Amino acid sequence: MAEVIIQSVTKKFGEVKAVNDFSATIADGEFVSILGPSGCGKTTMLRMVAGFERPTEGDIYIGDKLISSGQNGTFLPPEKRNIGMVFQSYAVWPHMTVFQNIAYPLKIQKVSKAEMTDRTNKALELVHLEGYGERFPHQLSGGQQQRVALARALVGEPRLLLLDEPLSNLDAKLRESMRFEIKDLQKKLKITVIYVTHDQAEAMAMSDRIIVMNQGIIQQNDKPQNIYENPTNKIVADFIGLVNFLPAEITAGSIEMPTIGFTLRQANSTTGKGLVAVRPEHITISKTGSGLSGTLLHKFYLGDSIDYRVKVKDEMIRVIDKSGSFEEYPDGETVYLEFNKLMAFPQSGK
Ligand SMILES: Nc1ncnc2c1ncn2[C@@H]1O[C@H](COP(=O)(O)OP(=O)(O)O)[C@@H](O)[C@H]1O
Ligand SMILES: [Mg+2]
């Protein structure tokens, strides 16, 4: 059983709260990402689950076993936690062969030679590196080295796999295909995964659930679709996907946006001064229309979409058209915008 329960965990380094009152439950077999900008505390949180850091406050359980406690000092060392971990710099040992790298955790556990060979070969197969056992890391591509690190994390048959930005050193194409490989492995092995990344597309594509962090604090813990469509605050809206922010006065029946000189009739449950966020792909652009008009300043043809910049009164609005009906709009032309979906954040919100 590899359910992970994190209860009000805080980690201080001197006066810096790297992780601040973090609570979350990761269910057995679930794939959960911790997503946030660099320095927000992701690695620190993961290292506390692994046992390389101790919480200042709060408790961490795996299943019903308390493994770390800031309160009473309980601490189970990393090697007793049955966890596999891939570090941010994936740290394969250069002086060892691929086989020796992967077998290393079993050697530490003093597993018999025959079993070690058998399990290491199985791990090699799992990550599609059959036949590479005798090579040294410098004879492998970045993606293959990454797979060695994965195999080494998996060879001990952990119930819980912790991955700290495992794909950040790979080029874009490889990163994308490795996403699917990792996801595939997780499904095959039915293990629990906590995946740390600052890459929102990666988190969206792979996760059952995403925990968005900022400055040590959880901002939202939700399914990918909800994180994208219903961000709880402007930090999440800004971090996930693209967004236009506009100052707004939100009342029960309307949203007034003075900087673009436009008022939208819409029922709102929370009111007050604040911001609205509109994603570029939630805006329709057309040559004719009524309502909100602006001047087209730039367009970028991107193959599968066109990315427009439209000047509307005091604002530059970004619009992305993925409809495939690529009409020719000359720069400087008057265009009409329609907001199909808009997210409102009154100032009272975070
Ligand atoms: N061992 C440490 N000593 C002091 N400060 C640290 C240590 N580890 C991390 N920090 C600080 O804690 C914060 C969170 O760091 P980290 O968890 O590495 O963030 P992330 O992985 O999200 O980039 C940062 O401000 C970082 O400088
Ligand atoms: Mg980190």
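**View 1. Thr295 and its partner across two strands.** In S19, Thr334 is the bridge partner of Thr295. The two strands here are S16 (residues 292-301) and S19 (residues 334-339), which pair in the antiparallel sense over 4 bridges. Strands are DSSP runs of E with at least two residues, helices are runs of H or I with at least four, and both are numbered from the N terminus; two strands count as paired if DSSP finds at least two bridges between them. This is a predicted model, where local features need pLDDT of at least 70 and side-chain atom pairs count only at pLDDT 80 or more, while totals for chains, interfaces and linings use all residues. Residues are numbered from 1 along each chain as its sequence is written, with chains lettered from A and ligands numbered from 1 in the order in which they are written.

**View 2. The open sheet around that pair.** Here 5 strands line up as S15-S19-S16-S17-S18, with antiparallel pairing. At the edges sit strand S15 (283-286) and strand S18 (315-321), each pairing on one side only. From one strand to the next, the twist averages 40 degrees (axes are lines fitted to C-alpha atoms, and angles run from 0 to 180 degrees between N-to-C directions).

**View 3. Strand S6, covered on both faces.** Ile83 and Met85 on one side of strand S6 (residues 83-86), and Gly84 and Val86 on the other, are all buried (buried means 20 or more other C-beta atoms within 10 Å of the residue's own, with C-beta atoms placed from the backbone). S6 pairs with strand S7 (residues 160-164) in the parallel sense over 4 bridges, and Ile83 stands opposite Leu160 in S7.

**View 4. The largest nonpolar core.** This core has 89 residues, and those with the most contacts inside it include Val49, Ile102 and Leu337 (a nonpolar core is a set of buried Ala, Val, Leu, Ile, Met, Phe, Trp, Tyr and Cys residues joined through C-beta atoms within 7 Å). Helix H4 (residues 142-154) gives the most to this core, with 6 residues. Domain 1 (4-235) and domain 2 (242-346) both give residues to this core, so it lies between them; the domain bounds come from an automatic or database domain assignment.

**View 5. The shell around ligand 1.** Among the residues around ligand 1 are Phe13, Gly36, Lys42 and Thr43 (a residue is near the ligand if its C-beta atom, placed from the backbone, lies within 6 Å of it). Strand S2 (16-26) and helix H1 (42-50) are the elements that give two or more residues to this shell. H1 gives the most, with 3 residues.

Note on methods:
Buried ≥ 20, exposed ≤ 12 C-beta atoms within 10 Å, placed from the backbone.
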